[in-house]
Amino acid sequence: RRRGSTSSPLFVPGSEKQRRAPHREGSMADMEATLRAAGQGHLFEGITDAQHSALLAQATELEAQLPGGIKGYVQTARDLLSNSDKGVNPYEGLTPTVPDGVKLQVGTSAFDEMEALGLEAVKDAGFCLVAGGLGERLGYNGIKVRLPLYIAERERVFLQLYIEHILELQRTHAPGRTLPLAIMTSDDTHNLTLELLEEFKNFGMAADQITVMKQNKVPAMLDSAARFSGKDGIINTKPHGHGDIHTLLHQHGVVKAWSKAGVKWFCFFQDTNGVVFRSLPAVLGVSVSHKLDVNSLCVPRTPGEAVGAICRLTGQDKVVTVNVEYNQLDPLLRSTTSFSNGDVADPDTGFSPFPGNINCLVFAMERYQTTLESTGGGVKEFVNPKYKDSAKKDFKSPTRLECMMQDFPLLLPPEASVGFTQMDRWVCFSPVKNNVVDAAAKAKAGLPAESAGTAERDAFDANAKLLRLAGV
């Protein structure tokens, strides 16, 4: 459905489209039986009749939304929590090596060639922004895509910058075409994102060019038995992670519609990385040139920084190129002979030998669509509990299952082509992640600060470098 204004984008809410018709009394009894069978009987203790009805209504929605329903969610959680308790290595039997990829440097003929190829292909591209986050951690009271870009231009915001980039690519390299934009929001950001778009008339983008999809939340758990956290008939829920983007795009027909409209390349990017569009055409060019089904934009990675690494993982019967999260990378490397020192720098470069993943991804539409149709797009889930004590039963605070968009290559068939494109950080990656205090601590430790101030500085620096390369 559309909001009242004719300039409003298409709104595809994650929960409402999947919501079932109200359950009759018998069905409500069945839902209570489902909860109790899944070990959630504690939710019914000490609640009123009204709270009892509200609990079953919420559980009915969760049953419809969760892959495998409540029973499946609880069983997956118990299995993962059991593995966590036992210290099971998720990469057991897999050997990491540095994957094949392309390294580009701005100002070289190789970069110019890939950028030109990408600009030629951009007429067949669609764009997807993951925008489910608030700026609380930054000391900002609002959605991250509304963060001001610069002190000198506080009225300009990140969402505006992204839309302006897409519209300029459309004007200069896709005449007569419309480059679509999909935005994934969350309960926390959805209404505020729609209000921002409406207030500024989509920053000049056509209404039917934007699709906004709301991500559902999942139950939070109290302990290793996967008992749901709840009070007064309300189950506590938390975000499931940005891996839901693939499921949402599939469930709501976005991928199918874009494919029918001629989109051949799917470009994913994050909410506060203002310089990313400086590099995206060249990344697209690499995908075209090397016929990649999945291409991850990467940067030289500083060992120990909170950025995952793209690795080739080789097992007895499979080889996959995929992101390994930074907190899992060091123990994985230490378990090998070749990288027994763990996550340390290559003495020749000063960086990790493994490229740093920044969650800017380019997918080939044909492979993406067929994989979504065969798998539904549900990427693997993980759990990251913080235990109260060494017994590893109760959590310090409720936790939930999560998933990440960059794990999609795990769903691909063996013949799929997966690679990466690495560029210098200045031209592709300077996000706003940290408040001033945390940024100062990271800088002191020799890690990228990634704050509002450094992102602004880096944007100006990147513009100055590009102007110098252009002879200005």
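1. Contact is taken here as heavy atoms within 4.5 Å. The model is predicted: local features need pLDDT of at least 70, side-chain atom pairs count only at pLDDT 80 or more, and totals for chains, interfaces and linings use all residues. Residues are numbered from 1 along each chain as its sequence is written, and side-chain values use heavy atoms, with hydrogens and water left out.

2. In α4, Phe111, Met114, Glu115, Leu117, Gly118, Leu119 and Ala121 meet Pro281, Ala282, Leu284, Gly285, Val286, Val288 and Ser289 of α9. Helices α4 (residues 109-121) and α9 (residues 280-290) pack at about 85°, their axes 6 Å apart; helices are DSSP runs (H or I, at least four residues) and strands likewise (E, at least two), numbered from the N terminus. Axes are lines fitted to C-alpha atoms, for helices over the stretch in contact, with angles from 0 to 180 degrees between N-to-C directions. The two helices are therefore roughly perpendicular (65 to 115 degrees).

3. Aromatic pairs number 18 in the whole structure; ring centres of Phe, Tyr and Trp (its six-membered ring) must lie within 6.5 Å, and planes over 60 degrees apart count as edge-to-face. Tyrosine 73 and phenylalanine 228 are edge-to-face, because their centres are 6.2 Å apart and their planes at 65°. Tyrosine 73 lies in helix α3 and phenylalanine 228 in the loop between β8 and β9, so the pair ties together parts 155 residues apart in sequence. Both residues are buried (under 20% relative accessible area, 1.4 Å probe, protein chains only).

4. The disulfide count is zero, a disulfide being a pair of cysteine sulfur atoms within 2.5 Å. The sulfur of cysteine 311 is 10 Å from the closest cysteine sulfur, in cysteine 298, too far for a bond.

Notes. Parallel < 35°, antiparallel > 145°, perpendicular 65-115°, else oblique. Phe/Tyr/Trp six-rings, centres within 6.5 Å; stacked < 30°, edge-to-face > 60°. Buried < 20%, exposed > 50% of the residue type's maximum accessible area, 1.4 Å probe, protein only.
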